[in-house]
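Please view the structure first.

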Amino acid sequence: MKTRLRVLRAEKDWTQAQLAEVVGVSRQAIIAIENGKYDPALPLAFKLARAFGKNVEEVFVWEDDSLEEK
Amino acid sequence: MPTTTERIPSRPVRTFWAVLGVGTAIDITAGWLLAQPGYSPHARIIFALLPIPMNLVLVALIVRRIRQLDEFLRHVHLEAVAIAFLLTGVAVFIYGYLQQAHVVHPLNFGIVWIFMVVFYGIGYLIAARHYR
């Protein structure tokens, strides 16, 4: 799963710590998500998207197309 | 824009360290009392069981703290616990074989706890590094 979190955060001029505080998680969580090392569960994904006023699919991009119909 | 606040030890953290300190003092006292001659078997059983209450409080505090962690940190700690559990198993097995080979003294259960703590630290470092 890819994320636009870093870009959106830069647009808002927020630090990782500030975003972490907004959504109520640790800074390590934001770092891991931005680096693509950790995929958040749905509640956190929604919180992150809402923090930027976006829908989940505008922030997170599902790349595994094995489930898509051919 | 959100602002970050300076981190100061919270009440639960202070409580944890206070309970850990008192619990350790009770552990040491119990060990010292058990090393003294002259006490009846019943008294020695009481000394041996003295550390239980504070240790249970400590367990409850740690469980409460884990429940307060965010999903990512819980994920990291879960990996650390899994690594510690497995490495402790390996270490105890190896220790047992070395004991059969008469290379080491019979296993003291206190050593298992040290294995767990050390391997938990190693496991945490491995997991935290993996997700960095």
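Helices α1(B) and α3(B) cross with left-handed geometry. The model is predicted. Helix α1 of chain B spans residues 11–35, and helix α3 of chain B spans residues 52–68. Their axes come within 9 Å and cross at roughly 155 degrees. An angle over 145 degrees counts as roughly antiparallel, so α1(B) and α3(B) are roughly antiparallel.

From α1(B), the residues that meet α3(B) include Phe16(B), Val19(B), Leu20(B) and Ile26(B). On the α3(B) side, Met54(B), Leu58(B), Leu61(B) and Arg65(B) are among the partners. Ten nonpolar, three polar and one charged residues make up this contact.

Chain A contributes 16 residues to the contact between the chains, and chain B contributes ten residues. In chain A, α2 (16–23) and α3 (27–34) each supply at least two residues of the side that touches chain B. That side of chain A has eleven nonpolar, three polar and two charged residues.

The two contacts, by residue class:

| α1(B) with α3(B) | ten residues | three residues | one residue |

Chain A holds five helices and two strands. Their order from the N terminus is β-α-α-α-α-α-β. The radius of gyration of chain A is 12 Å, close to the 11 Å from the globule rule for 70 residues, so chain A is as compact as a globular protein of that length. Its C-alpha atoms fill a box of roughly 40 × 20 × 20 Å along the principal axes. Of the 70 residues in chain A, 21% count as buried. Among chain A contacts with a separation of 6 or more, 53% join residues 24 or more positions apart.

Definitions and conventions. Residues numbered from 1 in each chain as written. Chains lettered and ligands numbered in written order. Predicted model: local features only at pLDDT ≥ 70, side-chain atom pairs only at ≥ 80, totals over all residues. Contact = placed C-beta atoms within 7 Å. Helix = DSSP H or I, 4+ residues; strand = E, 2+ residues; numbered from the N terminus. Nonpolar A, V, L, I, M, F, W, Y, C, P; charged D, E, K, R; others polar. Rg over C-alpha atoms; globule rule 2.2 N^0.38 Å. Buried ≥ 20, exposed ≤ 12 C-beta atoms within 10 Å, placed from the backbone. Axes fitted to C-alpha atoms, helices over the stretch in contact; angles between N-to-C directions. Parallel < 35°, antiparallel > 145°, perpendicular 65-115°, else oblique. Left-handed = near helix turned anticlockwise from the far one by under 90°.
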